[in-house]
Amino acid sequence: MKFGVIGAGQMGGGIAQVAAQSGFDVIVQDVQQEYLDRGRGVIEKSLAKLHEKGRLSELPDEVLGRIRFTMDLQDFADCDLVVEAIVENQAVKNALFEQLGGIVKPEGILASNTSSIPITALASASGRPERFIGMHFMNPVPLMALVEVIRGYATSDETARIVTATAQKMGKTPLTCNDFPGFVSNRILMPMLNEAVQCVMEGVAEPEAIDGIMKLGMNHPMGPLTLADFIGLDTCLSIMEVLHAGLGDDKYRPSPLLRKMVQAGLLGRKSGQGFYKY
Ligand SMILES: CC(=O)CC(=O)SCCNC(=O)CCNC(=O)[C@H](O)C(C)(C)COP(=O)(O)OP(=O)(O)OC[C@H]1O[C@@H](n2cnc3c(N)ncnc32)[C@H](O)[C@@H]1OP(=O)(O)O
Ligand SMILES: NC(=O)C1=CN([C@@H]2O[C@H](COP(=O)(O)OP(=O)(O)OC[C@H]3O[C@@H](n4cnc5c(N)ncnc54)[C@H](OP(=O)(O)O)[C@@H]3O)[C@@H](O)[C@H]2O)C=CC1
């Protein structure tokens, strides 16, 4: 299978890495050489770590050798499956899928790793709604077991079957849901993270205490503010906005502090500062 990934950020890089570990030939695109180089560096570090722990069946260079990096979308023409992992913005994703729909061979499947944007809307933009699906990996992709598979209104059974089988070949457990705002994962997770931000804003407790309470009290592997920093506060805000607009209930209102931090460029780990400094 020829596996395409658009976006070499934290998710795109992880998806490309795991696809290559599974034996697929992978091509990764981003809009600037600098982002491709950064993505490659992250993949190299992750492969080295997995190798060191005896969790790779091949040498890191053999896996890396199956990944090609490009800035040219035309290189995706012969892909069997393309997973998009660019910024969480519907207009930007729509424009990309309009383009990809005209480039990738007609039998190729297009998938989005979106956290919350309606799969059915992106499917319409692609011009091939039967061969369009949500393939939602979790962060960090090399370590997390789940792929949330989201069927759009017109996704065919064949597309769902191929994508489910591909996720299994990647060593993941695919679980399927329908196309509602935030799907299952972020409809449940993100209001909790947003509430943690609201607790900071209201002075309920310091960030360290909020995270400690949820880690030690609920056995969560990361506290909610650490996790929000890890995901990216810009991505968290975009997801809350989709939930708020899509479900029309004020219980999904993004915390004003979350919005202010994003406006200030405090995006979490990827910008060097969020609730914590990195
Ligand atoms: C927003 C969305 O749309 C959807 C989402 O993805 S929501 C986010 C979902 N993800 C989560 O909720 C993650 C929550 N956190 C966790 O599950 C855990 O903290 C974790 C799996 C990330 C790490 O687990 P852990 O074993 O308890 O922590 P930790 O000891 O720090 O890390 C384990 C090892 O993995 C390594 N590691 C971390 N990321 C890695 C990666 N990408 N590749 C390879 N190794 C990695 C660490 O370096 C560490 O190595 P050492 O043992 O040598 O130090
Ligand atoms: N972060 C997370 O925990 C998770 C995120 N997701 C989803 O995955 C997607 C990517 O998120 P994440 O990896 O965190 O984001 P990042 O910001 O790390 O990466 C996004 C990448 O896409 C690039 N990009 C932006 N616009 C375009 C474009 N038009 N064409 C090609 N590349 C582009 C970005 O470049 P630039 O730097 O120029 O913006 C960047 O390299 C989002 O939809 C997000 O919701 C899903 C699961 C978990």
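1. A term first: a helix axis here is a line fitted to C-alpha atoms over the stretch in contact, and angles between axes run from 0 to 180 degrees between N-to-C directions. The model is predicted.

2. Take helix α7, residues 185–201, and helix α9, residues 224–231: their axes come within 9 Å and cross at roughly 110 degrees. Angles of 65 to 115 degrees count as roughly perpendicular, so α7 and α9 are roughly perpendicular to each other. The handedness of this crossing is left-handed.

3. Which residues make the contact of α7 and α9? On α7 they are Met 192, Leu 193, Ala 196 and Val 197; α9 contributes Pro 224, Leu 225, Leu 227 and Ala 228. Sorted by class, this contact has 8 nonpolar residues, with no polar and no charged ones.

4. The second pair is helix α4, residues 90–103, and helix α5, residues 119–126. Their axes come within 7 Å, and the crossing angle is roughly 40 degrees. Because of this angle, α4 and α5 are oblique to each other. The crossing of α4 and α5 is right-handed.

5. From α4, the residues in this contact are Gln 90, Lys 93, Asn 94, Phe 97, Glu 98, Leu 100 and Gly 101. From α5, they are Ala 121, Leu 122, Ala 125 and Ser 126. The contact of α4 with α5 has 5 nonpolar, 4 polar and 2 charged residues.

Technical notes. Residues numbered from 1 in each chain as written. Chains lettered and ligands numbered in written order. Predicted model: local features only at pLDDT ≥ 70, side-chain atom pairs only at ≥ 80, totals over all residues. Helix = DSSP H or I, 4+ residues; strand = E, 2+ residues; numbered from the N terminus. Parallel < 35°, antiparallel > 145°, perpendicular 65-115°, else oblique. Left-handed = near helix turned anticlockwise from the far one by under 90°. Contact = placed C-beta atoms within 7 Å. Nonpolar A, V, L, I, M, F, W, Y, C, P; charged D, E, K, R; others polar.
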